[in-house]
Amino acid sequence: MDLWQLLLTLALAGSNDAFSGSEATTALLGRESQSLQRVNPALGTNSSGKPKFTKCRSPELETFSCHWTDGVHHGLKHPGSVQLFYIRRSTQEWTQEWKECPDYVSAGENSCYFNSSYTSIWIPYCIKLTSNGGTVDQKCFSVEEIVQPDPPIGLNWTLLNISLTGIHADIQVRWEPPPNADVQKGWIVLEYELQYKEVNETQWKMMDPVLSTSVPVYSLRLDKEYEVRVRSRQRNSEKYGEFSEVLYVTLPQTSLFACEEDFQLPWFLIIIFGLFGLMVMLFVFVFSKQQRKEN
């Protein structure tokens with residue numbers, strides 16, 4: 001009986017050691033990856049004075065770049081010593097080797113650019129910044145989570161019709177997708193949001209997102225100038241890209257009055273002419289009655 005207890009104790013001890021080793025490996029990767037913490041395109045402000053990630057963005061689901069603060073003005077002696085390292089998970093395992101940024105130049109200062117050879121969708125990435133051999137910031141994300149397309153281009157408009165009152169008009173606004181977004185082959189599906197306002201207004205009117213590259217805008221006031229802009233986002237995403245250049249729309253004036261709200265009837269003239277008309281009618285009536293009496 002004592003022999004069986006001894007064997008059972010040894011088996012339990014061995015399994016505990018194996019489990020502890022597995023936990024240590026997971027904890028080590030967890031410290032690096034923060035359990036695959038999801039990254040926001042704006043990763044927060046830098047309050048520590050150390051280099052810190054500010055944004056990771058993919059414009060077309062084929063490449064991406066990450067940017068960070070340099071920390072030069074916060075005691076960092078050698079700005080060039082800031083390096084970015086990354087790992088990505090293939091199948092179910094994380095690669096244990098951290099690789100350095102493939103391109104520090106193409107995306108500008110304090111950035112790392114990943115071209116299509118280094119970009120994979122549906123595969124989680126973890127990135128970290130190191131300075132003087134120590135990690136100062138790290139984030140994790142998937143490329144599809146950081147898509148923010150470039151602005152649409154080629155905005156133009158055409159007049160659809162003018163109301164019978166000559167006060168309002170409808171127009172059709174068209175645009176082209178971002179040049180680097182492969183929407184023709186369906187690699188990325190974009191939806192667009194159009195906003196417009198009168199030139200002198202401050203509040204933009206937003207229209208519902210659409211998948212097409214044109215949308216009608218109804219009941220614009222004639223003889224007014226409007227500003228129109230469009231932005232896009234990946235379908236089912238919440239993050240829009242930058243707005244397009246503003247399109248200015250000037251509608252022609254075809255009615256006698258600019259609009260019904262601006263037109264005010266000259267009531268005093270109406271009253272004067274009305275009284276004058278009544279006096280004329282009264283004079284004619286009295287004169288005709290006087291003529292009958294004389295006859």
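User: Which side chains meet in a salt bridge with E191, and at what N to O distance?

Analyst: A salt bridge is assigned when a side-chain nitrogen of Lys or Arg lies within 4 Å of a carboxyl oxygen of Asp or Glu. In this predicted model, the side chain of E191 meets that of R233 in such a bridge, at 2.6 Å from N to O. E191 belongs to strand 11 (residues 190-198) and R233 to strand 14 (residues 225-234), so the pair ties together parts that are 42 residues apart in sequence. Helices (H or I, at least four residues) and strands (E, at least two) are DSSP runs numbered from the N terminus.

User: What conventions apply to the residue numbers and to the atoms used?

Analyst: Residues are numbered from 1 along each chain as its sequence is written, and side-chain values use heavy atoms, with hydrogens and water left out. As the model is predicted, local features need pLDDT of at least 70 and side-chain atom pairs count only at pLDDT 80 or more, whereas totals for chains, interfaces and linings use all residues.

User: Are E191 and R233 buried or exposed?

Analyst: Buried means under 20% relative accessible area, exposed means over 50%, and partly exposed lies in between (1.4 Å probe, protein chains only). Both E191 and R233 are buried.

User: How many salt bridges are there, and which residue meets K197 in one?

Analyst: The count comes to 6 salt bridges. K197 meets E227 at 2.7 Å, N to O. K197 lies in strand 11 and E227 in strand 14, so this pair ties together parts that are 30 residues apart in sequence. K197 and E227 are both buried. Another salt bridge joins the side chains of E201 and K205 at 3.4 Å, N to O. There, E201 is partly exposed, with a relative accessible area of 30%, and K205 is also partly exposed, at 38%.

User: Over the face of which ring does K197 lie?

Analyst: A charge sits over a ring if NZ of Lys or CZ of Arg is within 6 Å of the ring centre and within 35 degrees of the ring normal. K197 lies over the face of W204, 5.1 Å from the ring centre. K128 has a corresponding place over the face of W98, at 4.3 Å from the ring centre.

User: How many aromatic pairs are counted, and why is the pair of F64 and Y125 classed as it is?

Analyst: Rings of Phe, Tyr and Trp (its six-membered ring) pair if their centres lie within 6.5 Å; planes under 30 degrees apart count as stacked, over 60 as edge-to-face and the rest as tilted. The count comes to 10 aromatic pairs. The ring centres of F64 and Y125 are 5.2 Å apart and their planes stand at 75 degrees, so the pair is edge-to-face. F64 lies in strand 2 (residues 64-68) and Y125 in strand 7 (residues 125-131), so the pair ties together parts that are 61 residues apart in sequence. F64 is buried, at 1% relative accessible area, and Y125 is buried at 0%. Ring pairs link F64 and Y125 with Y86, F114 and F141 into a cluster.

User: What is the mean pLDDT of the protein chain, and where does pLDDT stay under 50?

Analyst: pLDDT is the predictor's confidence in each residue, from 0 to 100. The chain has a mean pLDDT of 80, and 71% of its residues reach 70 or more. Values stay under 50 over residues 1-46 and also over residues 255-263.

Conventions: Contact means heavy atoms within 4.5 Å.
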